[in-house]
Amino acid sequence: MNSKPLLEIQNLRTSFRIQDHYFAAVDNVTLTVNENEVVAIVGESGCGKSALALSIMGLHPQERTKLEGNISFRGNNLLSLTVPELNKIRGKEIGMIFQDPLTALNPLMTCGKQIEESMTYHTNLSKSEKKAKAIELLKKVGITTPERTYKQYPHELSGGMRQRVVIAIAIACDPLLLIADEPTTALDVTIQAQIMDLLKELQHQMKTGIILITHDLGVVAEMADRVAVMYAGEIVELANVHTLFSNPLHPYTRSLFNSIPSSASSKERLHVIEGVVPSLQNLPRKGCRFKDRIQWLDEHEHEENPVLREISPNHFVRCTCYQNFYFPETGIGDGNNGISKN
Amino acid sequence: MEFLKINHLKVYYPIRGGFFRRVVSQVKAVDDISFELRQGETYGLVGESGCGKTTTGRTIIGLNKATSGEILFEGKDLAQLSRREFHQYRKDIQMIFQDPYSSLNPRKRVLDIIAEPIRNYERLSPGEEKKKVQFYIEKVGLNPESIAKYPHEFSGGQRQRIGIARALTLKPKLIIADEPVSALDVSVQAQVLNFMKDIQKEFQLTYLFISHDLGIIRHMCDRIGIMYRGQFVEEGTSEDIYTNPQHIYTKRLISAIPDMNPANREKQLLLRKEVHAEYKHSYGQYFNAEGKSYPLKPISATHSVALP
């Protein structure tokens with residue numbers, strides 16, 4: 001593995017202005033992504049995973065957002081760059097795959113033109129070279145009739161095809177880092193499987209670092225090397241994918257595992273996490289942020305100022321409440337989740 | 001007598017074109033399907049988007065018109081009934097919709113949303129009506145005071161439960177749930193799924209559960225039908241489908257489910273490649289020249305597959 005990480009996020013805090021007050025949606029996040037590595041960011045909606053991705057890309061509206069900390073991409077601090085400087089990097093060295101392929105594409109432009117757009121900004125290729133490259137990219141993302149798709153408009157394509165076009169745009173300039181925000185959420189299972197396989201193949205071919213944002217633990221199990229679990233703006237657990245799936249520790253991680261139907265526990269009741277993800281204004285800023293949703297646990301199990309602690313090599317967990325955590329229902333929840341016992 | 005029996009149901013949509021908007025062609029959304037539901041069970045309808053599963057659900061409840069075929073609900077053919085005659089059966093069949101954000105009228109209070117079906121079928125005084133609504137709103141685990149609120153004041157999971165309360169008010173026998181949790185977060189999904197199981201026992205409901213999520217289908221359903229291009233390719237118990245899939249399309253669907261064990265990653269990738277190769281190679285054995293599947297043939301007491 002490379003000694004210098006591709007992307008280094010240090011103590012990042014992204015705050016949004018709501019009625020003259022700033023509220024942090026991403027709070028004190030430190031994360032690194034290496035070359036040829038897939039880092040998954042998992043959590044429910046509202047936990048700050050997309051806000052984190054958009055912070056890296058600098059896509060938050062500037063007048064309402066405050067970014068603190070450090071995002072270092074190959075030695076450049078992205079937060080201190082001006083917009084023209086940032087424009088030289090995003091779309092070229094950092095590519096992004098957006099969640100909804102229907103809204104991410106321009107309905108008035110052909111797919112080919114949209115793929116060429118980033119090449120126009122970032123390279124000096126001639127018109128015919130760009131076209132050749134666009135068709136080659138379409139072929140690369142698994143479209144069988146690239147010449148035809150090149151001339152088609154987004155509405156003429158199916159959801160899976162559109163997502164492929166979005167991926168083709170993201171990889172048009174051979175990015176070093178790819179940010180995939182829920183790349184398969186809007187898709188059917190069979191197409192999801194194809195897109196996952198495609199992303200893995202691209203990663204192996206081009207040694208791209210990938211940040212994979214998803215709420216689907218199945219996708220994480222299939223793709224990620226390392227996993228960061230986010231809750232209420234903070235990373236609550238960070239570990240290698242094998243460690244996380246065989247030995248999840250933080251109560252939030254374990255609750256997530258228990259709330260999905262799995263083949264191992266088919267006809268049982270699913271675990272329900274009590275309460276809801278707190279809204280940005282009502283976020284508890286002190287103590288363990290997950291406390292309100294595991295109220296059966298004693299107050300003194302929590303730390304006063306929870307920190308992300310390295311429990312075993314490369315396995316980080318926030319707060320001490322994981323140590324004596326249990327599920328109140330009988331039947332499920334003792335030990336780990338029964339999914340990856342073997 | 002079967003609870004619900006679908007016989008050779010076809011739903012075609014016309015494609016109009018030309019100067020006089022004449023029917024030039026047809027989309028065969030549902031193309032000759034037959035299946036039955038037993039009282040008290042959960043039947044899962046699975047397939048990719050566009051395979052006709054939603055159309056099937058909507059046709060049973062009368063939101064789409066059947067082109068031909070029978071929908072026998074407790075022996076009565078719903079497809080042949082006029083609107084007026086259909087009215088009395090409508091209250092026995094209710095629907096839970098996919099998107100809790102668009103299936104509740106934003107300008108109505110929760111009270112009016114839930115009371116709407118009651119107002120269609122029963123004459124109650126405002127006091128009785130309110131009592132009934134409060135009974136159901138408590139059943140779905142919401143605060144009785146919330147009946148004066150508007151849908152935007154609730155979270156996604158709560159809205160979906162309002163939709164379920166609305167479906168329950170007329171004591172239906174059959175509930176058609178069209179992707180009831182696909183718009184929700186995992187933990188909220190769990191809440192709604194648990195809740196659907198609870199009320200199934202309490203109100204002796206039969207579910208037709210439509211979804212593309214195979215994990216959820218496995219968790220919820222007793223029997224499953226796999227649809228592809230408007231036709232059934234396989235039908236059986238959960239056990240039959242997940243441990244012994246026979247049709248190549250079913251195999252392909254099952255192999256596409258992500259494996260929750262990261263150690264199986266390479267194996268899963270290989271399996272998918274194999275199944276994909278088999279799919280390409282033996283497509284002609286499972287589908288005829290027009291790309292249609294064959295009629296279902298039983299291979300065991302519970303399991304049927306569309307084989308030539």
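Predicted model: local features only at pLDDT ≥ 70, side-chain atom pairs only at ≥ 80, totals over all residues.
Let us begin at a turn: in the hairpin of strand 1 and strand 2 of chain A, with 2 residues between the strands, Gln19(A) takes a positive phi near 50°. Residues are numbered from 1 along each chain as its sequence is written, while chains are lettered from A and ligands numbered from 1 in the order in which they are written.

Two terms are needed at once. Helices (H or I, at least four residues) and strands (E, at least two) are DSSP runs, numbered from the N terminus. Two strands pair if DSSP finds at least two bridges between them.

With these terms, we return to the hairpin. Strand 1 (residues 7-18) and strand 2 (residues 21-33) of chain A run antiparallel and are joined by 9 bridges.

I turn now to strand 7 of chain A. Is this strand enclosed or open to the outside? A residue is called buried if 20 or more other C-beta atoms lie within 10 Å of its own, exposed if 12 or fewer, and partly exposed in between, with C-beta atoms placed from the backbone. In strand 7 (residues 177-181) of chain A, 5 of the 5 residues are buried, so the strand is largely enclosed by the rest of the structure. Leu177(A), Ile179(A) and Asp181(A) point one way from it, Leu178(A) and Ala180(A) point the other way, and all are buried.

Strand 7 of chain A has parallel partners. Strand 6 (residues 94-97) of chain A is joined to strand 7 by 4 bridges, and the two run parallel; here Met96(A) has Ile179(A) as its bridge partner. Strand 8 (residues 209-214) of chain A also runs parallel to strand 7, with 5 bridges, and Leu212(A) of strand 8 is the bridge partner of Ala180(A).

Two residues are in contact if their C-beta atoms, placed from the backbone, lie within 7 Å. Leaving aside neighbours within four places in sequence, Leu212(A) is in contact with Val38(A), Val39(A), Ala40(A), Ala180(A), Met223(A) and Ala224(A). A nonpolar core is a set of buried Ala, Val, Leu, Ile, Met, Phe, Trp, Tyr and Cys residues joined through C-beta atoms within 7 Å. The largest such core has 176 residues, and those that touch the most other members are Ala40(A), Ala168(A), Ile211(A), Leu212(A), Val220(A), Val227(A) and Ile226(B). Helix 7 (residues 159-170) of chain A gives the most to this core, with 7 residues. In soluble globular proteins, nonpolar side chains tend to be buried together.

What does the contact between the chains take from each? It takes 33 residues from chain A and 30 residues from chain B. On the side of chain A that touches chain B, the elements giving two or more residues are helix 8 (189-206), helix 9 (217-223), helix 10 (241-246) and helix 11 (251-259) of chain A. By class, this side of chain A has 15 nonpolar, 13 polar and 5 charged residues. In this count, Ala, Val, Leu, Ile, Met, Phe, Trp, Tyr, Cys and Pro are nonpolar, Asp, Glu, Lys and Arg are charged, and the others, Gly among them, are polar.

One residue of chain B deserves attention. Gln268(B) lies in helix 10 (residues 265-281) of chain B. Why does Gln268(B) count as buried? It does so because 21 other C-beta atoms lie within 10 Å. Not counting residues up to four places away in sequence, Gln268(B) touches Glu222(A) and Asp259(B).

Finally, chain B has an open sheet of 8 strands in the order 6-7-8-3-9-10-12-11, with mixed pairing. Its edge strands, strand 6 (93-96) and strand 11 (296-298) of chain B, each pair on one side only. Within the sheet, strand 10 (residues 231-237) and strand 12 (residues 304-306) of chain B run antiparallel, joined by 2 bridges. Glu234(B) has Val305(B), in strand 12 of chain B, as its bridge partner.
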